Amino acid sequence: MEVLQLNHAQVMSLLPDRDPWGHKGNFGKILLLCGSRGYTGAAYLAAMGALRAGAGLVFLGVPESIYAIEAVKLHEPVVFPLPDREGKLSREALGEILERLPQMDAVLVGCGLGQSEDTAAVVGEVLEQAQCPVVVDADGINVLGPHKDILRRRQYATILTPHDGEFLRFGGKLSPDRMACAAEYARQWNSIVLLKGHETCITDGGSGYRNTTGNPGMAVGGSGDVLAGMITGLLGQGIAPLEAAACAAWLHGAAGDLCAQELGQYAMLPTDLLNRLPRLLK
């Protein structure tokens with residue numbers, strides 16, 4: 001299997017030009033289903049990651065019980081409340097979610113979503129119905145475990161973004177050759193796998209990218225939410241799914257490296273990553 005590495009110039013060459021005659025609808029309409037009571041930051045960071053990656057319209061659906069928090073924190077995305085149960089999305093949210101899906105260019109589900117039978121039903125139905133790429137992150141992966149066969153039926157790209165623990169819980173096997181492990185899983189489950197960690201591996205099972213940016217200062221809650229949002233933002237702009245995941249990983253890690261240089265690894269935060277992305281994308 002061919003394994004590639006990106007640099008800054010290559011990443012920029014893969015990003016689409018901004019059409020001078022374009023409008024917000026031309027740069028990706030994306031839907032994010034994130035957050036739960038106690039995990040409001042995940043939804044915020046994912047939405048801002050998508051916007052910093054250039055997405056034109058970001059629709060963020062959150063449990064009604066945290067809607068007011070997200071609406072106050074977020075100015076640029078379209079934030080809307082969805083029915084919830086005990087602070088997590090409920091099955092009753094599916095009506096509005098499925099009504100919005102046909103207009104979307106990409107979807108993210110999972111960041112801070114929480115684990116319940118209802119959130120599992122939401123994740124499963126989104127994967128069944130979405131006719132566009134879907135990114136499944138964090139709790140989206142955790143609740144999908146018993147329903148993995150959905151992935152084999154998908155006709156559109158699915159990007160899974162597990163860390164090692166999630167990968168093992170999802171049935172993956174780890175060895176020193178992490179790329180081979182990720183590739184085997186990608187082939188088995190008809191998905192693109194972004195296996196997080198030192199030198200993150202991104203593969204569709206046939207080819208892959210090994211990311212060389214990033215540092216241990218990024219090992220803090222919320223960093224992965226920024227990455228998931230960035231991937232979805234790039235997907236919405238029409239970048240091929242494998243390259244969207246690889247470019248997002250490179251930019252995310254490079255933003256972390258800027259933070260480490262300027263702030264040090266101990267005190268850097270996911271919001272600092274968001275603030276460095278414009279410099280990399282300028």
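Which residues form one aromatic cluster? Phe-167, Phe-170, Tyr-185 and Trp-189 do. The model is a predicted one, in which local features need pLDDT of at least 70 and side-chain atom pairs count only at pLDDT 80 or more, while totals for chains, interfaces and linings use all residues. Residues are numbered from 1 along each chain as its sequence is written, and side-chain values use heavy atoms, with hydrogens and water left out.

Rings of Phe, Tyr and Trp (the six-membered ring of Trp) pair if their centres lie within 6.5 Å, with planes under 30 degrees apart counted as stacked, over 60 as edge-to-face and the rest as tilted. The count by this rule is three aromatic pairs. Tyr-185 and Trp-189 make a tilted pair, with 6.2 Å from centre to centre and 45 degrees between the planes. Both Tyr-185 and Trp-189 are buried, that is, under 20% relative accessible area with a 1.4 Å probe and protein chains only (exposed is over 50%, partly exposed in between). Over the face of Trp-189 lies Arg-152, 3.9 Å from the ring centre; for such a placement, NZ of Lys or CZ of Arg must be within 6 Å of the ring centre and within 35 degrees of the ring normal.

Turning to Asp-272, this residue counts as buried because its relative accessibility is 15%. Leaving out residues up to four places away in sequence, Asp-272 touches Cys-259, Leu-263 and Ala-267, where contact means heavy atoms within 4.5 Å. Asn-190 is 82 residues from Asp-272 along the chain, and their C-alpha atoms are separated by 34 Å.
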